Amino acid sequence: MSTADTAIQHLIDPEVCIRCNTCESTCPIGAITHDARNYVVDFGKCGACNACVPPCPTGAIDHWLTVRSSAAYSLDDQFGWDSLPEADAPVTASGADIPDEVRAQTEVAHPAQLCSTSPPWSAAQAYVNLYTPAKPAMAKVTGNFRLTADDASADIRHIVLDFGAAHFPVLEGQTIGVLLPDTDHVRLYSIASPRDGERPRYNNVALTIKRVTVDHEGRAVRGVGSNYMCDLAIGDEVRVVGPYGASYLMPDHPGSSLMMICTGTGSAPMRAMTERRRRRRPLNEGGDLLLFFGARVPDELPYFGPLLKLPKDFIDTNFAFSRVAGEPKVYVQDRIRERAEKVARMLQDDNCYIYVCGVKGMEAGVAEAFRDVCRMHRIDWDALLPSLLAQNRLHVETY
């Protein structure tokens, strides 16, 4: 689907609507009308201002569908509905519309040899590449908080971007791109907030970003994108493209479990998935949450304090620190081996989905730890791995 022919259409759910006329009376441009059967939105008039959304008592008004501009649903179509049409498969632009820079980064982030290429069967529909460098969304900075200790060597930030009236649907596990000032260069960042916003029911997202001051060899460098993002002030505006990613998504069916393995800012999607489950905990629909989280020292671990406050019966958290003075180096793969019994059980559970995110190369160590765990419990890892991939249960993003 070409981006030039792609649009977001605002629709009203006839199964939920109670015909109270609130939406029509609050629409400032007369884009909503009704007949004896349905309330409908005129695609040609609606400017997605969202004025009608908050007053709606049922939420029937808050539905958006990606369509071809040339084949949007007409008023007559909508008047004849008893229910909303089913969403299509994940919507994306053609390959030519995706910036080469984004494609290259995405290929690095998804090592095909150890990664499912499709989402879990119950994952929500992902929308991708809705905004491009030619037509980016504008977002305003509403938060920039340092997550690591002031004297820690790593400056890691929690940055909140608000999209205002722009429709920017995201799911846990997706990434967004930020255009650097006065250029069309894109930097990708994983979303660290759940699908209903960093603040529930607000049109915003959170990012976890580390200020880059040295390269992998320890030489002094200044990361252009990371320093730009970490220096943003409240009220600044940034140009955003995407979202990207239609496979690294969490399952939505009741009883599904998550095994999450991350280092540093690779915690962003894990934080999003954990927060999604935490908010829905009263519904008692989720299975186990098992987290392996690594960093050099505790002061460099994002979200370290909040994670310690989560109930142990909600999430089983295992920290690994590799540079604590006077202590042996411990990596996430070491913790995986220590928890072999539970890991083995979850690897064999068809309702368990595994997510790995962090520095490129860590996936090899994780795979070896899985092999060792399987050997301890008389499981054939070489036979299990193809099954995990075929069932879309193993997802990896490294950078």
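**Notebook: sheet and aromatic pairs**

I began with strand β6 (residues 156-162), which pairs with β9 in the antiparallel sense over 7 bridges. I note that the model is a predicted one. Within this pairing I found I156 opposite K210 of β9.

I then looked up how helix α5 (residues 267-279) sits. Helix α5 packs on the sheet and touches β6, β8 and β9; its direction makes about 145° with that of β9.

Next I traced the whole sheet. It is open, with 6 strands in the order β8-β7-β10-β5-β6-β9 and antiparallel pairing. I checked the edges: β8 (186-190) and β9 (204-210) each have a single partner strand, so one side of each has no neighbour in the sheet. From one strand to the next, I read an average twist of 40°.

I turned to the aromatic rings and listed 9 aromatic pairs in the structure. How are the rings of Y248 and Y355 arranged? Their centres are 5.4 Å apart and their planes stand at 75°, so I logged the pair as edge-to-face. Y248 lies in the loop between β10 (237-244) and β11 (257-263), and Y355 in strand β14 (residues 352-358), 107 residues apart. Y248 is buried at 2% relative accessible area, and Y355 is buried at 0%.

For F370 and W381 I noted centres 5.6 Å apart and planes at 45°, so this pair is tilted. F370 belongs to helix α9 (residues 362-376) and W381 to helix α10 (residues 381-390), 11 residues apart. F370 counts as buried at 2% relative accessibility; W381 is buried too, at 5%.

Last, I found a cluster of F293, F304, F319 and F321, linked by ring pairs.

Terms used. Residues are numbered from 1 along each chain as its sequence is written. This is a predicted model: local features need pLDDT of at least 70, side-chain atom pairs count only at pLDDT 80 or more; totals for chains, interfaces and linings use all residues. Side-chain values use heavy atoms; hydrogens and water are left out. Two strands pair if DSSP finds at least two bridges between them. Helices (H or I, at least four residues) and strands (E, at least two) are DSSP runs, numbered from the N terminus. Axes are lines fitted to C-alpha atoms, for helices over the stretch in contact, and angles run from 0 to 180 degrees between N-to-C directions. Contact means heavy atoms within 4.5 Å. Rings of Phe, Tyr and Trp (its six-membered ring) pair if their centres lie within 6.5 Å; planes under 30 degrees apart count as stacked, over 60 as edge-to-face and the rest as tilted. Buried means under 20% relative accessible area, exposed over 50%, partly exposed in between (1.4 Å probe, protein chains only).
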